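Me: I have a protein model open and want to go through it quickly. Can you take my questions one at a time?

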Amino acid sequence: MEVLGIVFASLPYAAVLLFSALFLIYMGITLSKQRFVIYPYLILLLTISGTTFGLKEAVAPSVYGRGSGVLYAPLLMWLLLAAFLWTRFTLMFARDRIAACNLHPWFAGWLVLFAAHVGAGLALGQPLKEIVGGMGFSNVIWMWVFILALLTAFRTPEAVEELTRFLIVYGFGRAVFGLVRWAALGGDPANAYANRQGLDLKLTFFDINDNLICFIAFALSAVRLLHPDKVVVSKWWRAFLWVVLATTALCILLSFRRTAWVGLALGGLFVLAQLPKQVRWKTALFAVPMGLVGIIYVAKKRLGQVSGAGSGIESFFYDLISNRYGAEGDRVMELKLAIADFIDHPIVGIGAWGRYSGYQRIDWQIGPDAGAFLHSGLLHLALKTGFVGLILLVGVVSAFVIFWQRTREQLAPGPRALAVAGVAGTLFMLSDFLIGTPVPQVRTMQMIALCMALPYLAAAASSISAVTAVQPRRDGVGFRVASA
C-alpha cells in the first residue's frame, strides 16, 4: 500500500516531466520544420465553429473569445503571436527567406491607427477592454499576425505543395462531415432559419467559414483538374479531386446561406476566368447552367418559406429592401443609423469603443455588445475609424489586387492552384464582408487572412522553383551551362 501511495503521489510530477520532454522535442522539430508550429492552429481554425447564433440552448463561450476578459484579447490570439515569434526566431537557423508581401505597410498603418485609438480612448476615460476588444477593429491587426505567421512557416515549394494538399483533403473531410450530418443527423444544430424563423429547413453549415473551407478545396481541385498547365498526378488522385469538386459544391448549396451562394458564384467565376479561353468556354457551358439551377432550386426552397419575401428576384434581397418593420426592417434601420453617425464623424469615426446612436431601437441589439457591431464589415470599419480607416482598407485591397495582376503570369504549375484559390476565397467572402458581421468575429477575419496569404505563398514558391530550374551547373569540360 505504501508503494502504491508513492506511485500515485508521483504521477503528477511524472506527467509534468513527460509533457515537458514532449514539448522540448516538439520545439526541436520546429526549428527546421516551422510549419508544424502553425498546423495545430490551422486545424483548430478549420474545425471549430466560431458562432453560437441559431443554437436553441446556451453554450459555453467560443474558444475564439476565451481569455479576452483578462488578457484583453483571446488566449488563442496570444498563442498565435507566440507561434509567429517562434517561427521568426527559427529563421536564424534557416537559409531561405520569407515571401515578399506588399500588404505589410498597410497593415502597419492599421497598427498605428489602433495605437492612436488606444491612446485617445484612454485619454477620454474609456475602458481599455472596450478599446482593444473585438467589437472595435483589433481583429484586423490579428489578421496581419496570421499572415506573417503563414509567410514565415511555409517558405519552400515542398511546404506550399503540402499545404495545398492539406487544404484539399481537409476541405473534403469537412464537406463530408456536413453532408453526413445533414442527411442522417438533422443538419447543423446552429440553424437560425429553423430555430429562430421557424422554417422547415436543415442545413450543412450555418457558419460562413465552414462554407469557405469547402470552397477553398473546390477551387484548388478545379484548377488542378481543368488548367492545362497542371501538375502530373496519379489517376486515383485525379478521381479524388473530381469527388472533392462535387462534394464541396453540394455542401455549399445545402448551407442555404445566401452569402455562401453569392460567394460560390463570384469565386467560381473568378476560377473560371483563370482558365485558358478554350477550356474556359467548355467548362462554362457545363458548370454555369448547373450552378444556376442548383442555386435557384435551394433559393426557392428557403425563400419560398419566408413570409413577405415575394416571388421575384427581389425575394433574394427581401431583408434589405423591405418596407416592413420588425426584424427585417431593423436590418435596414441599423445601417441608416450607423451611416448617420459616420456622417457626423467622417474623419476618425466614433472610436473603436464607440456605439452608434439609436441602437436601442433595434430589437436584437441587446446585451453587452449592443450597438457595437453592424451587419456590414465595410460600414463597421467606416463607423469606427472614419475615412482614415477606409483609406487603409482601400490600400490593403489595392495592394492585394496589384500583387495578383503582377504575379499571375509568373506562377508555376504547382503553386498556381493555391494562388487562384486564395483570390477566389477572398471574393467568396466579399458578400459577407458587405452585409454580414465579419469584423468582430475572430474566425472570419482569420479565414480572410488565410485566403489573402495564399497568393503570396504561391508566388514565393514559384520564384524558388524558377531559380532552381535555371540553376547553372558545370559540364564535363568545366563550363557553366543552364539546365532547363
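Reply: Helices (H or I, at least four residues) and strands (E, at least two) are DSSP runs, numbered from the N terminus. This is a predicted model, where local features need pLDDT of at least 70, side-chain atom pairs count only at pLDDT 80 or more, and totals for chains, interfaces and linings use all residues. Residues are numbered from 1 along each chain as its sequence is written, and side-chain values use heavy atoms, with hydrogens and water left out.

Me: What average pLDDT does the protein have?
Reply: pLDDT is the predictor's confidence in each residue, from 0 to 100. Of the residues, 82% score at least 70. Over residues 322–328 it is below 50. It also stays under 50 over residues 472–484. The protein's average is 85.

Me: Which helix holds D344, and is D344 buried or exposed?
Reply: The helix covers residues 327–344, and is α15. Buried means under 20% relative accessible area, exposed over 50%, and partly exposed in between (1.4 Å probe, protein chains only). D344 has 55% relative accessibility, so D344 is exposed.

Me: How far apart in space are D344 and G386, C-alpha to C-alpha?
Reply: In sequence, 42 residues separate D344 and G386. In space, their C-alpha atoms are apart by 9.9 Å.

Me: Which side chain makes a polar contact with the side chain of H375?
Reply: H375 sits in the loop between α15 and α16 (377–407). It counts as buried because its relative accessibility is 18%. A polar contact is a pair of N or O atoms within 3.5 Å; within protein, one must be able to donate a hydrogen and the other to accept it, and residues adjacent in sequence count only if both atoms are side-chain atoms. Here the distance is 3.1 Å, and the partner is E334.

Me: Where does α13 bend?
Reply: Helix α13 runs over residues 277–303 and reaches 36 Å, close to the 39 Å expected at 1.5 Å a residue. The expected span is 1.5 Å times one less than the number of residues. The bend at a residue is the angle between axes fitted to the seven residues ending there and the seven starting there. In α13 that angle is about 40°, at A284.

Me: How many of the 16 residues of α17 are buried?
Reply: Helix α17 covers residues 413–428. Its end C-alpha atoms are 23 Å apart, which agrees with the 22 Å its length should span. The helix is mostly covered, with a buried count of 13.

Me: Which backbone oxygen does the side chain of T152 reach?
Reply: T152 lies in helix α7 (residues 138–153). T152 is buried, because its relative accessible area is 0%. Contact means heavy atoms within 4.5 Å, and beyond four places in sequence the residues touching T152 include F84 and R88. At 2.6 Å, its side chain reaches the backbone oxygen of L148.

Me: What is the phi of Y72?
Reply: Most residues other than glycine have a negative phi. Y72 is in the loop between α3 (68–71) and α4 (75–90), and is partly exposed at 39%. Its phi is positive, near 70°.

Me: And what is the phi of F256?
Reply: F256 lies in the loop between α11 (235–253) and α12 (258–273). With a relative accessible area of 2%, F256 is buried. Its phi is also positive, near 60°.
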